[in-house]
Amino acid sequence: MNFRFPTTASLHRCSVLETTAFDFAWQTVGEIATAFAAGRLSAQSVVEATFARIRARDPLINSFTAVTAERAHVHAQALDDARARGEPTPPLAGVPFAVKNLFDVAGLPTLAGSKINRDAPPASRDATLIERLEAAGAILVGALNMGEYAYDFTGENLHDGPARNPHDRGRMAGGSSSGSAAAVAGGLVPLALGSDTNGSIRVPASLCGLFGLKPTYGRLSRARTFPFAASFDHVGPLTRSARDLAIAYDAVQGYDPDDPVCADRIAEPLTPLLDRGIDGLRIAVAGGYFKCRSAESVYGVDRVAAALGVNRDIEIPEAERARSAAYIITASEGGSLHLGRLRTRARDFDPAVRDRLIAGAMLPASLVTKAQKFRRWYRQEVLKLFAEVDAILAPATPCTAPLLGQQKFILGDVELPVRANLGIYTQPISFIGVPVVVVPVPLSPLPIGVQIIAAPWREDVALRIAHALEAEGVAAAQRPPIREN
Amino acid sequence: MTRKSMNRKAKSARRARTPARPLRAKKPYAISTLVAAAGQALALPMDASWHSGVTFNLQLLFKHAALVDEFSLPDDSEPAPVFRA
């Protein structure tokens, strides 16, 4: 039976969770799959432990909007039975995962963080990425909170309440894949899927201290996901290790005719490449626009650059203008997408989202076309940089997680609105669809992420660097001090 | 004059014609007026209390658009999405 959990309750009543011999809460995807394959645990035991954890912890972080208990138990039993019959074990067998609630889940309405979509009929079929993960043996356990219609960097949702940052529940998880990040960082699941239009995987990964992958535009199928700005929309995983990103990515990559943007390319498994190391890779730090003006982001980039022995900067030309062009195209495509709902259900939007969408719908086409022309020019200029370097480092967010409800933050000597500006370093990158891995840099009291940007279709380069940083202990998903009721 | 040099000359002429005049709303109320008119033209049933929020956001979009618009591009530059039959 699918059911919804109540939103935040009794936030400060605590008792420490007893951990079992197998610490389900902080095991990686690879560790769970290996333990299942070796017969050290059953899929049913993983599922039971996962739902127990969700029941205990989700009232604290509000990451789930629905759980899929019945289908999870059926799937787990099928995996256990197949193993008992001696059948081959699929690569992700027994691994629980959850998805941002803009992915279609058969039997559930696809909320996309909205009130309006609650009236939509249930999806008749799962999104392609769910089908592929389940075919690989992973077990879907639920759908996750997100910013309304993905037009959000904060993770604050008027209808479902904010997903809370597990490192400090008074702070933002980041958006719009807020529940995805909170669920993984909070130890509820080891893997979640999110989407990234302007930074919606990378911003929450940074604020919650996780690894996140925004692949090349067109690499992973978006079939049966609710769109936002179609020419920028990507989907990808969030995990607690770089290897897990590669494992999940390998399970879901490949052409899908159901997504007209999905590239017809042969799948290129990356997990076997991770241990190749980074010798010979040319890496630089993004200069100019990306030169950080906050101590936290300076620390993150400097720490990563020092560990990699990087001592050169490279200028990404016209990045500020690229961010502006991304802002314009996003508003226009989003406004166009929601025009019908703005006519009929405008009062059911979060007013902050509604006003931005209406403004986007009113933007003259002449300005949008100019932004698209600039986009092509900018892409050509950035691609030239990849003749000189294999990867570029840049901050993921301008700050660590802001307080829930915080409206402004200071960057350098300028006060900026939080909602629009958490993505100032991510927007100029997704604008041209190049792949990015965010690595979490531990920092007290809150983590911060660094973007590793690679050339189109070179996810392998970014993941190898992320894996090397994790092996050195420079990048790590730190366990937050969550205590349960 | 060779065909090649003619093409080069024509191309540089196109570049030279590219306007670089920045986009500026001349009057503070221009965006507010646009919001009211576009709301009617697009058949958006806007509550009066939403007007200031929408106007603020459209002004912000025009600021971003000004930054893009002042960047000079040749007439023959292609927009990013390319249609293929």
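# Close-up views of a two-chain predicted model

**Figure 1. Helix α2(B) meets helix α3(B).** In this predicted model, four residues of α2(B) take part: B:I31, B:S32, B:L34 and B:V35. Their partners in α3(B) are B:H51, B:V54, B:T55, B:L58, B:Q59 and B:F62. Sorted by class, this contact holds six nonpolar residues, four polar ones and no charged ones. Look next at how the two helices lie. Helix α2 of chain B covers residues 30-41, and helix α3 of chain B covers residues 51-69. Their axes come within 9 Å. They cross at roughly 120°. The crossing is right-handed.

**Figure 2. B:T33 sits in helix α2 of chain B.** Is B:T33 buried or exposed? B:T33 has 12 other C-beta atoms within 10 Å. A residue with 12 or fewer counts as exposed, so B:T33 is exposed. Now find B:H51, 18 residues away along the chain. The C-alpha atoms of B:T33 and B:H51 are separated by 10 Å.

**Figure 3. Chain B as a whole has three helices and zero strands.** Read from the N terminus, its elements run α-α-α. Chain B has 85 residues, and 18% of them count as buried. How far apart in sequence are the residues that touch? Take the contacts in chain B with a separation of 6 or more. Residues 24 or more positions apart account for 78% of them.

**Figure 4. Helices α2(A) and α3(A) pack at an angle of about 155°.** In chain A, helix α2 spans residues 43-61 and helix α3 spans residues 69-84. Their axes are 7 Å apart. From α2(A) come A:A43, A:Q44, A:V46, A:V47 and A:F51. From α3(A) come A:A69, A:A72, A:H73, A:A76, A:Q77, A:L79 and A:D80. The contact of α2(A) with α3(A) has eight nonpolar, three polar and one charged residues.

**Figure 5. Helices α9(A) and α11(A) cross at roughly 100°.** The axes of α9(A) and α11(A) come within 7 Å. Angles from 65 to 115 degrees count as roughly perpendicular, so α9(A) and α11(A) are roughly perpendicular to each other. On the α9(A) side, find A:A331, A:S332, A:G334, A:G335 and A:S336. They meet A:R356, A:L357, A:I358, A:A359, A:G360 and A:A361 in α11(A). This contact divides into five nonpolar, five polar and one charged residues.

**Figure 6. A:I465 lies in helix α15 of chain A.** Helix α15 covers residues 459-471. Is A:I465 buried or exposed? The test is a count: 20 or more other C-beta atoms within 10 Å make a residue buried. A:I465 has 26, so A:I465 is buried. Which residues does A:I465 touch, leaving out those up to four places away in sequence? They are A:I278, A:L281, A:I283, A:L308, A:A391 and A:I452. Now look for A:L274, 191 residues from A:I465 along the chain. Their C-alpha atoms are separated by 8.4 Å.

**Figure 7. Chain A and chain B touch each other.** Here, 29 residues of chain A are in contact with 25 residues of chain B. Which helices of chain A each supply at least two residues of the side that touches chain B? They are α9 (319-337), α10 (339-344), α11 (351-361) and α12 (365-385). The largest share, eleven residues, comes from α12(A). By class, the side of chain A that touches chain B has 16 nonpolar, four polar and nine charged residues.

**Figure 8. The predictor scores its own confidence in each residue as pLDDT.** Chain A averages a pLDDT of 94, and 94% of its residues score at least 70. In chain B the mean pLDDT is 79, and 67% of the residues reach 70 or more. Each chain has a stretch to read with these scores in mind. Over residues 1-20 of chain A, pLDDT stays under 50. The model has 33 contacts beyond four places in sequence for that stretch. In chain B, pLDDT stays under 50 over residues 1-19. There the model has ten contacts beyond four places in sequence. For the complex, the predictor gives an ipTM of 0.91 and a pTM of 0.92.

Technical notes. Residues are numbered from 1 along each chain as its sequence is written. Chains are lettered from A and ligands numbered from 1 in the order in which they are written. This is a predicted model: local features need pLDDT of at least 70, side-chain atom pairs count only at pLDDT 80 or more; totals for chains, interfaces and linings use all residues. Two residues are in contact if their C-beta atoms, placed from the backbone, lie within 7 Å. Ala, Val, Leu, Ile, Met, Phe, Trp, Tyr, Cys and Pro count as nonpolar, Asp, Glu, Lys and Arg as charged, and the others, Gly among them, as polar. Axes are lines fitted to C-alpha atoms, for helices over the stretch in contact, and angles run from 0 to 180 degrees between N-to-C directions. A crossing is left-handed if the near helix is turned anticlockwise from the far one by less than a right angle, and right-handed if clockwise. pLDDT is the predictor's confidence in each residue, from 0 to 100. Angles under 35 degrees count as roughly parallel, over 145 as roughly antiparallel, 65 to 115 as roughly perpendicular and the rest as oblique.
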